[in-house]
Amino acid sequence: MGEIVFWTIIRTALTIPAVWILKDYIQNPLWTIISFASIYGIIIHPAIIHYRLFNEKNKETIESTLCSTCTKFDKTAVLCILHDEHPTKDFLPCEGFDWEPISTEKDDISY
Ligand code: SF4
C-alpha cells in the first residue's frame with residue numbers, strides 16, 4: 001500500500017508542474033481539458049488500478065487466514081502490527097502463538 005501512495009505522490013509531483021508549465025503554451029479551454037485528462041490519466045487512474053491489483057493479490061490473506069481474524073492485523077496494509085511483517089497465506093509471522101481473536105458483538109454479551 002505504501003508503494004501505491006509513494007508512486008502516486010511522485011506522479012503528482014511531476015504532473016502538476018508539467019501541466020502548470022503547459023498553461024503558457026496552450027489556450028485556456030484546451031489547457032483545462034488537458035489538465036483534467038492528465039490528472040486523471042497519470043495520477044488517479046493508475047492509483048485505482050494499483051489499488052485493485054493490491055486487493056486482488058492479497059484477497060486470500062485478507063479474507064481467509066488466521067490473521068484475518070486477529071486484532072493485531074491491519075487489513076488496509078495487510079500487516080501484522082505486532083510483528084511489523086506482512087503475512088501471506090503461507091506465512092504467519094507469529095506462527096499462531098500471538099493470535100488474538102476479534103471479539104464479535106455476540107461474544108461481548110454478558111449473562
Ligand atoms: S499476531 Fe499472529 S495471527 Fe495476529 S496478525 Fe500477527 S501474525 Fe497474524
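A salt bridge here is a side-chain nitrogen of Lys or Arg within 4 Å of a carboxyl oxygen of Asp or Glu. The model is predicted, so local features need pLDDT of at least 70 and side-chain atom pairs pLDDT 80 or more, while totals for chains, interfaces and linings use all residues. Residues are numbered from 1 along each chain, and side-chain values use heavy atoms, without hydrogens and water.

View 1. An automatic or database assignment gives domain 1 (1-63) and domain 2 (65-111). Their C-alpha centres lie 33 Å apart. Seven residues of domain 1 contact 10 residues of domain 2 (heavy atoms within 4.5 Å). About 670 Å² is buried between the two domains, 61% of it from carbon and sulfur atoms (accessible area lost on being put together, 1.4 Å probe, summed over both parts). On the domain 1 side, Glu60, Thr61 and Ile62 lose the most area, together 71% of what that side buries. Zero salt bridges are counted between the domains.

**View 2. A nonpolar surface patch.** Tyr40, Ile44 and Ile48 make a patch of about 250 Å². Patch residues have over 30% relative accessible area (Shrake-Rupley, 1.4 Å probe) and no salt bridge; nonpolar side chains (Val, Leu, Ile, Met, Phe, Trp, Tyr) are joined within 5 Å. Ile48 belongs to helix H2 (residues 28-64) (a DSSP run of H or I, at least four residues). Ile48 counts as partly exposed because its relative accessibility is 33% (buried is under 20%, exposed over 50%, partly exposed in between).

**View 3. Ile16 and Ile43.** Ile16 sits in helix H1 (residues 2-22). Its relative accessibility is 41%, so Ile16 counts as partly exposed. Ile16 and Ile43 are 27 residues apart in sequence and 9.7 Å apart in space, C-alpha to C-alpha.

Note on methods:
Patches are made of residues with over 30% relative accessible area and no salt bridge: like charges are joined within 9 Å, nonpolar side chains (Val, Leu, Ile, Met, Phe, Trp, Tyr) within 5 Å. Helices (H or I, at least four residues) and strands (E, at least two) are DSSP runs, numbered from the N terminus. Buried means under 20% relative accessible area, exposed over 50%, partly exposed in between (1.4 Å probe, protein chains only).
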